[in-house]
Amino acid sequence: MSEATYAIEEPNFRVLRPDYKRFVLRKRYCDEVENALKSNRTFVTSLTGIGGVGKTAISCWVSLKAYEAKWFDFIVSLSARDRALTNTGIVATKPTLSSLEDLIRQICETTGFTEYNNLPLEERIQRVRMNILGEFRGLLFVDNLETISDPTLVRFLEDLPMPTKAIVTSRKVKIRVANFPVDIGPFEEREAISFLNETARSNRKQFLAEMAAAEKKIIVDGCDCIPLIIEWLVGRARDPQKAIRLAKSLTKDGGHGEELLEFAFRRVYAEMTGEQHAVLQVLALTSRPLPIEAIAIGSSLSPHKAADVLEELKDYSLLEKIYDTSYRDIVYSLLPVTGSFIMRELSKQSKTELKIRKLLTDWYQAEDVVDGSDRQLMQQVRRGERDPELALLEVARHLIEQNELNKAESFFKQSIDRNPRSWQCHLELAEFYKSRGMIGESLKHFERAAEFSPKQGPDRASIFGEWGLLIKASGNRTALRDAAPKLAEALKETPTDHICRNALGECYVHIGSIDAAIHILEPLRNVVRLRSDLRKSMLRLLEQCYKATSDIIKLAEVRNEQRDIQ
């Protein structure tokens, strides 16, 4: 902050003074924050992200716009920032907020209800809630919430009375109730270069603004397009050559940017759990995005637990994730500068680094797979060189041939984890469970296979036919009624499936749909080479149908056919 804490300081309005000299409009984020403020379903708008990506700048810009547009009856702004990064290092700053009591006092002073400040705190809170926040349309802007240890402040913000709203910035998600989260990431390259030019000019370093486009790209890429890092680099650069060296060094060893890394990451890193550290260390050690299985192996966690930790780390806005077409799955990585910080921390634990590298090497080499051909296949899968779920199915089939049923089941499940929408994977696991007499598990995967099956054709018929036959034989009270629509769907795709036709006819007979049963079963009488067991079953079922409809002529014909085949 500058010496003047507020850009606007007048009755009912205190808006923090922005750090920026010229605001780089980041339309997507600004629109999200504005829309959240205007939404009747959102009370708190949380801007999260690592230090220096521009959370405060966007919040200040939107707050100033709200002031100019008269969206609110009052605006109260407070900052819990207790340090800042300058060219000389990290320096302490004086926060205006450290507790709920500070916020209550500022609300009273800004809105003119100063007499409330003489009341006991609990009564003061109630008066503020009822008579100020609940009566007037206000905006509370709380900056750097992560530095505050007072849990009552978070609870207060989560329970704001209508019609008051709040904007909160934090390096970690803190508000969970009635919250609209806006995860602020780095600049886009175009924005970063524009910011570099403006920062260079305002710092009288025109030589940076005059550099070639390719050189500017090197600089902003080296800074991960993070505004604070670009500002820091501009402040340190004495000539174009040093600027390029600084940018390159940031993602290599972090030595020149030690203060920067401490400022951006230390606070959130210190509060993380050991499991979160382990996952970050695995990601920092590799130069390519990793799938969940590799992260789990390297961090010595189960895949389920590793997924939970990755979900937790989203709160810190440290991860990047993309869909990798070779893995057919989401893969995770860190921003290079983030990775540089984690690597500096990991370098203090040499044994840990060696252990992680050994675990990852063994996993990529598929040392856990005994069979040589299967190991080679798994190596290709884990390197993203083979269609993963189909390769895993191939291994599972091979293990069934070797009677390694438990291992086969594990690989079937891995194939589904890799592609939960693969009907092939669900179908093969359903058939595997069926062969082992695990009817409930088999039915579950037949249902999933049907959900993702082709819209038409023999594969769809096979899935629905097998599913219907298994339901029919399941022994459930409504088995025949439940099986009928599945068998009908299969028969629609393959009308010549005599087994399916006879089974559907049987279902219709037993649920009392006699006309439907006759319609389905009668074509089987004209099939010349129908299996004898199916012909006997079909004639028996038709006999019941003709009895029910009192069709004496057809009943006599069926009985004659039955005598002929005995």
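**A loop residue and the overall picture**

Modeller: To begin with one residue of this predicted model, Ile 148 is found in the loop that runs between strand E7 (138-143) and helix H5 (151-158).

Biologist: Is Ile 148 buried or exposed there?

Modeller: Ile 148 counts as buried, because its relative accessibility is 8%, and the cut-off for buried is under 20%.

Biologist: Let's zoom out, then: how many helices and strands are in the protein?

Modeller: The protein has 27 helices and eleven strands. Its radius of gyration is 34 Å, whereas the globule rule gives 24 Å for 566 residues, so the protein is more spread out than a compact globule.

Biologist: What box do the C-alpha atoms fill?

Modeller: Taken along the principal axes, the box is roughly 105 × 60 × 45 Å.

Biologist: What share of the residues counts as buried, and what supplies the exposed area?

Modeller: Of the 566 residues, 51% count as buried. The protein exposes about 27,000 Å², and carbon and sulfur atoms supply 49% of that area.

Biologist: What share of the contacts joins residues at least 24 apart?

Modeller: Counting contacts between residues at least 6 apart in sequence, 64% join residues at least 24 apart.

Biologist: Changing topic, which residues of helix H14 are buried?

Modeller: In H14, which covers residues 303-313, the buried residues are Ala 306, Val 309, Leu 310 and Leu 313. Looking down the axis of H14, these buried residues fall within an arc of 100 degrees, so they line one face of the helix.

Biologist: Now the backbone: which peptide bond is cis, the one from Met 162 to Pro 163 or some other?

Modeller: The bond from Met 162 to Pro 163 is cis, with omega near 10 degrees, and Pro 163 sits in the loop between H5 and strand E8 (165-170). For background, most peptide bonds are trans, and most residues other than glycine have a negative phi.

Biologist: What is phi of Ala 366, then?

Modeller: Phi of Ala 366 is near 55 degrees, a positive value in a residue that is not glycine. Ala 366 lies in the loop between helix H16 (350-364) and helix H17 (372-382), and with a relative accessible area of 0% Ala 366 is buried.

Biologist: And Asn 403, is that one buried or exposed?

Modeller: Asn 403 counts as exposed, at 59% relative accessibility. Asn 403 also has a positive phi, of about 65 degrees, although it is not a glycine, and Asn 403 lies in the loop between helix H18 (388-401) and helix H19 (405-418).

Terms used. Residues numbered from 1 in each chain as written. Predicted model: local features only at pLDDT ≥ 70, side-chain atom pairs only at ≥ 80, totals over all residues. Heavy atoms only, no water. Helix = DSSP H or I, 4+ residues; strand = E, 2+ residues; numbered from the N terminus. Rg over C-alpha atoms; globule rule 2.2 N^0.38 Å. Buried < 20%, exposed > 50% of the residue type's maximum accessible area, 1.4 Å probe, protein only. Contact = heavy atoms within 4.5 Å. Areas by Shrake-Rupley, 256 points an atom, 1.4 Å probe, with all protein chains shown as cover. Arc of directions from axis to C-beta.
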